[in-house]
Amino acid sequence: MCLLLTLPQRCRHSTLRMFSSSSTTTNPYLMYYVTYSDEAPQAGAMTELRMFDPAKEEYFTVHDKPLPKELVKSRLVGSSHGWGVFLGSPNSILISDYCNPSSSKSNPKMIPLPPRSYEHSCQNELVSGVAMSSSPEEEDFVMAVKFTGRRVSIYRPGQHRKGNHRFSSTELFDYFEQANLMYSKRDQRFYMPSSGGHHLWSWDGIISTDSQYHDLRFHNLPQFSLSELQLLRSCYRTQHLVESPSGQRFLVKWSVQTLGRSVQSLAHRSVEFSFGGTKLFMVFREEEDMNMCYTQDIGDLCIFLGNNEPFCVKASSFPGLNPNSIYFIGDRYGEGYGVYDIATRTPRSFNPKSFSAFSDLPNGQGYVLPNWLPHWIPPFPL
């Protein structure tokens, strides 16, 4: 899991200018990294949140945000509902709205969670998915964290269950090693797709952690030419389950031709977003009884995939977003950054209207907080 790319300079908008005046919510935003000018990150260091608005395809920066001491040595490993999940060493975990541009600069919210039961395994330090039932400020909030391997940790830190932490670890999860997570508001369950996307595992999480296995059946499969099949066989693939505001669910299979490189330093990164190795998304609409039907039309919807719990919005509610599209970010396997037109099966890179790289940093130099994954932030009420 590597930190990301490009730094832009955007005009120093006030907080109010970051939002659309015609809307009651913010646009979806991409937080792609956090920079600072000191030689080493330390408590109180002034940071800059580097943000991107995909609807306007414009950059902006949230300036002068002090780094909380709790986050100095933590790793940002995922996000949900606009809240980041941070792992500390050796077994601490907390959630914070620090990376949300609408959060308090001087006093971002911090919610420490019960300590993890430490295991001497690198798999306990690598996270493949995070999902939350709601905003962490709600009483019945539940969070699930999928670690690489078999382990899924479930946290219920609400007032009546303070300190409650359980985890599941079964050999059946061998088929879900790199699984992503999603919480369904429709049926109030967490879902986890298997490698290959042929099965789902789900559990309630709020009442119990008893799990349920689901076998998916696929229909209306697309036809590919021999050359397309050969290309797809050479790709790495991940599976993502996402739910629309109306409760319609989609399974997305993301195929990436790995680039064989991972760039972590600012000095060697491109200052332009690129769709990288992303070749194809296959979208399946869930019908009744876990039947999945291939589709190239999801209507007025946009899907957002990255190092965050997947989410879906109506394009017409955010002027500038492209309907029937997938907005994606990823740098682990060379996935890239961009927009995918589902109807034409075509990815394109982001195309910012204006850009001046590093011009608001001394001599064009700056430092990026290490191990902080970029992620999409869903719309927030104004």
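Q: Where is Asn 371 found?
A: In this predicted model, Asn 371 is in the loop between β26 (367–368) and β27 (375–377).

Q: What is the phi of Asn 371?
A: Phi is near 60° for Asn 371, a positive value in a residue other than glycine. Most residues other than glycine have a negative phi.

Q: Is Asn 371 buried or partly exposed?
A: Partly exposed. The relative accessibility of Asn 371 is 39%.

Q: Are Phe 86 and Trp 372 buried or exposed?
A: Both Phe 86 and Trp 372 are buried.

Q: How are the rings of Trp 201 and Tyr 213 arranged?
A: Their centres are 5.5 Å apart and their planes are at 65°, so this pair is edge-to-face. Trp 201 lies in strand β14 (residues 199–203) and Tyr 213 in strand β15 (residues 211–215). The pair ties together parts that are twelve residues apart in sequence.

Q: Which are they, buried or partly exposed?
A: One of each. Trp 201 is buried, at 7% relative accessible area. Tyr 213 is partly exposed, at 43%.

Q: How many aromatic pairs are in the whole structure?
A: A search finds 23 aromatic pairs. There is also an aromatic cluster, formed by Tyr 32, Tyr 33, Phe 52, Tyr 59, Phe 304, Phe 311, Tyr 327, Phe 350 and Trp 376.

Q: New topic: salt bridges. How many does a search find?
A: Eight salt bridges in the whole structure.

Q: What does Glu 286 meet in a salt bridge?
A: Arg 186 is one partner, at 3.6 Å, N to O. Glu 286 is in strand β19, while Arg 186 is in the loop between β12 (182–184) and β13 (189–193). That pair links parts of the chain 100 residues apart. Arg 249 also meets Glu 286 in a salt bridge, at 2.9 Å, N to O. Arg 249 is in strand β18, 37 residues from Glu 286.

Q: Which residues belong to the network of shared partners?
A: Arg 186, Asp 187, Glu 243, Arg 249 and Glu 286 are joined into one network. Within it, Glu 243 forms a salt bridge with Arg 249, with the closest N and O atoms 3.2 Å apart.

Q: Which of those count as buried?
A: Arg 249 counts as buried, at 2% relative accessibility. Glu 286 is buried at 10%. Glu 243 is buried at 13%. Arg 186 is partly exposed, with a relative accessible area of 47%.

Q: Now the nonpolar core. Which residues touch the most other members?
A: Val 252, Phe 281, Ile 303 and Ile 326, in the largest nonpolar core of 30 residues. Strands β17 (236–243), β18 (249–256), β19 (278–286), β20 (291–295), β21 and β23 (325–330) each supply at least two residues of this core.

Q: What is Phe 281 in contact with?
A: Leaving aside neighbours within four places in sequence, Phe 281 contacts Val 252, Lys 253, Trp 254, Leu 305, Ile 326, Phe 328 and Tyr 340.

Q: Which residues are in the second core?
A: This separate core has 21 residues, including Tyr 33, Phe 52, Phe 304 and Leu 321.

Q: Last one, the open sheet. What order do its strands have?
A: β22-β21-β23-β24-β25, five strands with mixed pairing. β22 (311–314) and β25 (346–349) stand at the edges. Each has a single partner strand, so one side is left without a neighbour in the sheet. The twist averages 25° from one strand to the next.

Q: How does β21 join β22?
A: Four bridges join strand β21 (residues 301–305) to β22, and the two run antiparallel.

Technical notes
Residues are numbered from 1 along each chain as its sequence is written. This is a predicted model: local features need pLDDT of at least 70, side-chain atom pairs count only at pLDDT 80 or more; totals for chains, interfaces and linings use all residues. Side-chain values use heavy atoms; hydrogens and water are left out. Two strands pair if DSSP finds at least two bridges between them. Axes are lines fitted to C-alpha atoms, for helices over the stretch in contact, and angles run from 0 to 180 degrees between N-to-C directions. A nonpolar core is a set of buried Ala, Val, Leu, Ile, Met, Phe, Trp, Tyr and Cys residues joined through side-chain atoms within 4.5 Å. Buried means under 20% relative accessible area, exposed over 50%, partly exposed in between (1.4 Å probe, protein chains only). Contact means heavy atoms within 4.5 Å. A salt bridge is a side-chain nitrogen of Lys or Arg within 4 Å of a carboxyl oxygen of Asp or Glu. Rings of Phe, Tyr and Trp (its six-membered ring) pair if their centres lie within 6.5 Å; planes under 30 degrees apart count as stacked, over 60 as edge-to-face and the rest as tilted.
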